[in-house]
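Q: Can you take me through one part of this model up close, namely how the protein meets the DNA? I'd like the contacts and then whatever sits behind them.

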2 protein chains.
Amino acid sequence: MDSHPSHGDRSAACDELFKALSDGTRRALLEYLVRQGEQSVHALTAISAVSQPMVSRHLAKLKRARLVTARRAGRETYYSARVKGLAPVVQWMAIYGALWSQRFTALEELADPA
Amino acid sequence: MDSHPSHGDRSAACDELFKALSDGTRRALLEYLVRQGEQSVHALTAISAVSQPMVSRHLAKLKRARLVTARRAGRETYYSARVKGLAPVVQWMAIYGALWSQRFTALEELADPA
DNA sequence: TCAATTCATAACTTTATGGTTATGGATTTG
DNA sequence: CAAATCCATAACCATAAAGTTATGAATTGA
């Protein structure tokens, strides 16, 4: 089943990525991090419609999908968007025909900069 | 909450798209359709690891996300991949900074060929 | 006509997911 | 030190989702 060993388990990565992105609250968190840069959980809770524990759990899911990174500073945890994390998704989209894959080629280098 | 009215309900579209893509079986079906072209449910069941009813339900979900189209011919239903269906996802990804959005610009025209 | 094929839907089970409130650890601050 | 702040986790609930088998409608073919 592993048609390209060097890619590792890309399918599993896509599963986690797509699942992580399939929730509007998580996408909103990610968008905010992309636009505003590193933010504390407190700040992210303030702009979210859900409770702080839920924000923490959403962030944990984004982190497991490698779409954000966390940095602890004292009692605060600062999260940042990890742009490269989308790469497996972009690579997967390359199945969508030549037109698309041509344009995606440059992006694939981000993930596989060999 | 509607920061850009002309986009319609893009967020809901992304929700359905990402959810549709978050399942490996569905992605496999889609990949097969992209590579092999129009296929009957029977043929798609043959290449899937799950039962025929499950294949039908996965296809229904892909159809609701507008990632496939269905054509009934006698007792068979032929499904086809709908390439443009990914457009909202691609557009959403444009939030990922200038580097990415530059390259996505051309793709966005696919969805909004005004 | 009768049997077989193709597909979708119903009914059901199990597990995953999004949400809540409550709690407790770690760190600042008064 | 005590109180307040920040965060993560636990416990719980409700719903969604993936899977199964059973069934039935529609079409094809003998």
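A: Let's start with a base contact: in this predicted model, the side chain of A:Arg75 puts an N or O atom 2.9 Å from a base oxygen of DNA strand D.

Which elements give two or more residues to the surface near DNA strand D? From chain A they are α3 (41-46), α4 (52-64) and β3 (76-81), and from chain B they are α2 and α4. The largest share belongs to α4(B), with 5 residues. Of the atoms of DNA strand D that come within 4 Å of the protein, 62% belong to sugar and phosphate.

Now for what lies behind the chain B helices. Chain B has an open sheet of 3 strands, in the order β1-β3-β2 and with antiparallel pairing. Its edge strands are β1 (39-40) and β2 (68-73), each pairing on one side only. Helix α2 of chain B, residues 24-36, packs on this sheet and touches β1, β2 and β3 of chain B, its direction making about 85° with that of β3(B). Helix α4 of chain B, residues 52-64, lies across β2 and β3 of chain B and runs at about 120° to β2(B).

Zooming in on those two strands, β2(B) and β3(B) (residues 76-81) run antiparallel and are joined by 6 bridges. B:Arg71 has B:Tyr78 as its bridge partner in β3(B), while B:Ala70 has B:Tyr79. The two strands form a hairpin with 2 residues between them, and B:Gly74 in the turn has a positive phi of about 65°.

Over in chain A, helix α2 (residues 24-36) is worth a look as well. Its 13 residues reach 18 Å from first C-alpha to last, close to the 18 Å expected at 1.5 Å a residue. At the start of α2(A), A:Asp23 reaches with a side-chain oxygen to within 2.9 Å of the backbone nitrogen of A:Thr25. The buried residues of α2(A) are A:Arg26, A:Arg27, A:Leu29, A:Leu30, A:Glu31 and A:Leu33. After α2(A) comes A:Gly37, with a positive phi near 80°.

How values were computed: Residues are numbered from 1 along each chain as its sequence is written. Chains are lettered from A and ligands numbered from 1 in the order in which they are written. This is a predicted model: local features need pLDDT of at least 70, side-chain atom pairs count only at pLDDT 80 or more; totals for chains, interfaces and linings use all residues. Side-chain values use heavy atoms; hydrogens and water are left out. Two strands pair if DSSP finds at least two bridges between them. Helices (H or I, at least four residues) and strands (E, at least two) are DSSP runs, numbered from the N terminus. Contact means heavy atoms within 4.5 Å. Axes are lines fitted to C-alpha atoms, for helices over the stretch in contact, and angles run from 0 to 180 degrees between N-to-C directions. The expected span of a helix is 1.5 Å times one less than its number of residues. Buried means under 20% relative accessible area, exposed over 50%, partly exposed in between (1.4 Å probe, protein chains only). A polar contact is a pair of N or O atoms within 3.5 Å; within protein, one must be able to donate a hydrogen and the other to accept it, and residues adjacent in sequence count only if both atoms are side-chain atoms. A residue is near a molecule or strand if one of its heavy atoms lies within 4 Å of it.
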